[in-house]
Amino acid sequence: MRRLVITCLTATLLTGCGMDTASDPLQVTDNLTAATPATAPPTTTPPAGTVRPAPPVQLAAFDSDTHTLVLASGPNLILTDPRTNTQRTVTLPSAPADLHTERGQLIAALPDTNLVTRVDLRTATAQSTPVPGGPVDAVDLDANRMAVALRDTATVTVLQNGKPTATADKIQGPAQLLPATDGIYVLDRLTTALTPINPTTGAKGAGLRAGQGATNAITDRYRRIIAIDTRGQELVAFSTDPLVMKQRYPVPGAPYGLAYDPTRDLAWVTLTATNQLVGYNIAGGEPQERYRLPTINQPNSVAVDPDSGEIYIASANGAGYQVVRV
């Protein structure tokens, strides 16, 4: 495989906030369009592991405390215990735009109904909180504060006990929030950039371009942000505090789904143009490909159990979900 790793000591600082192309370095065109997964071709190789039935899945997440795999299909959350294959279903008021699981709890942002919903994965009960502005992602910062990315207002707002305390504005396509020790980072899918935000004041730091069409990102145990550039077909790594691009690694095949196994330092990436899953060891100075596996058709979502190492790949067109242990 052709390999390329670039260590970037400097990068273009993206500090402009205006909506005018001439004054905003983030905006390279008047018609910004977020990158999307490729339309997968028919599968030609049997998928690795085991395939189980499921409706079309848009999002997947895994909670280690309750050993629950969460698959989002429209407004329905399918809660599965992979050890027993028992399932429960929680129906939300609308389809979530993103999911986060931690310590037996799930947070779902529901932009179409202006809600952030918490689900207790032990009892399969949900409680929703109104958050105007079309929330597309929400993460807990501590016991009392939550950050919410808002689609309609193009902002990131910090809520303390349900009330706004700080807001960062003029973020054209806020999509994912990544908490870090020095603040919050927002992935903007329209301007395909990462921007740090001070959660106390709402002040934005200098942002960096994240390739040609960033779609998904995670944080690893080294306090880095790992992002998928679907349009540019790369895995991109950033250090934080300060925000600096450290690595760019070619990943042909329209990469889209991304999950991180901190126990094994593996980043799992789905390739939607080739129906494959690739596992990269990211512990060192450059990614090292360790696994390449055939998947079900249209593998848009992936989640991992960091205890067992099992990987769960979900199809967006109803081909089911796949369970693989390497």
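**A loop residue and its setting**

Tutor: N85 is partly exposed, with a relative accessible area of 37%; here buried means under 20% relative accessible area, exposed over 50%, and partly exposed in between, using a 1.4 Å probe and protein chains only. This is a predicted model, in which local features need pLDDT of at least 70, side-chain atom pairs count only at pLDDT 80 or more, and totals for chains, interfaces and linings use all residues. Residues are numbered from 1 along each chain as its sequence is written, and side-chain values use heavy atoms, with hydrogens and water left out.

N85 sits in the loop between strand 4 (76–81) and strand 5 (86–91); strands (E, at least two residues) and helices (H or I, at least four residues) are DSSP runs numbered from the N terminus. Although N85 is not a glycine, its phi is positive, at about 60 degrees. D241 is likewise a non-glycine with a positive phi, of about 55 degrees. This residue belongs to the loop between strand 20 and strand 21 and is exposed, with a relative accessible area of 57%. The peptide bond leading from D241 to P242 is cis, with omega near 5 degrees. P242 is placed in the loop between strand 20 (234–239) and strand 21 (244–250).

Two further loops hold buried residues. D265, in the loop between strand 22 (255–261) and strand 23 (266–271), is buried, with a relative accessible area of 6%. Its side chain makes a polar contact with the side chain of Y222 at 2.9 Å, a polar contact being a pair of N or O atoms within 3.5 Å; within protein, one must be able to donate a hydrogen and the other to accept it, and residues adjacent in sequence count only if both atoms are side-chain atoms. Not counting residues up to four places away in sequence, D265 touches R221, Y222, Y260, Y280, N281, I282 and A283, where contact means heavy atoms within 4.5 Å. P287 lies in the loop between strand 24 (276–281) and strand 25 (288–294) and is buried, with a relative accessible area of 2%. From C-alpha to C-alpha, P287 and A267 are 8.9 Å apart in space, and 20 residues separate them in sequence.

T215 is buried, with a relative accessible area of 0%. Leaving aside neighbours within four places in sequence, T215 is in contact with A35, Q176, L187, R189, I228, T230 and Y256.

As for the whole, the protein has 0 helices and 28 strands, and 53% of its 326 residues count as buried. Of the contacts between residues at least 6 apart in sequence, 44% join residues at least 24 apart. Along the principal axes, the C-alpha atoms fill a box of roughly 50 × 50 × 35 Å.
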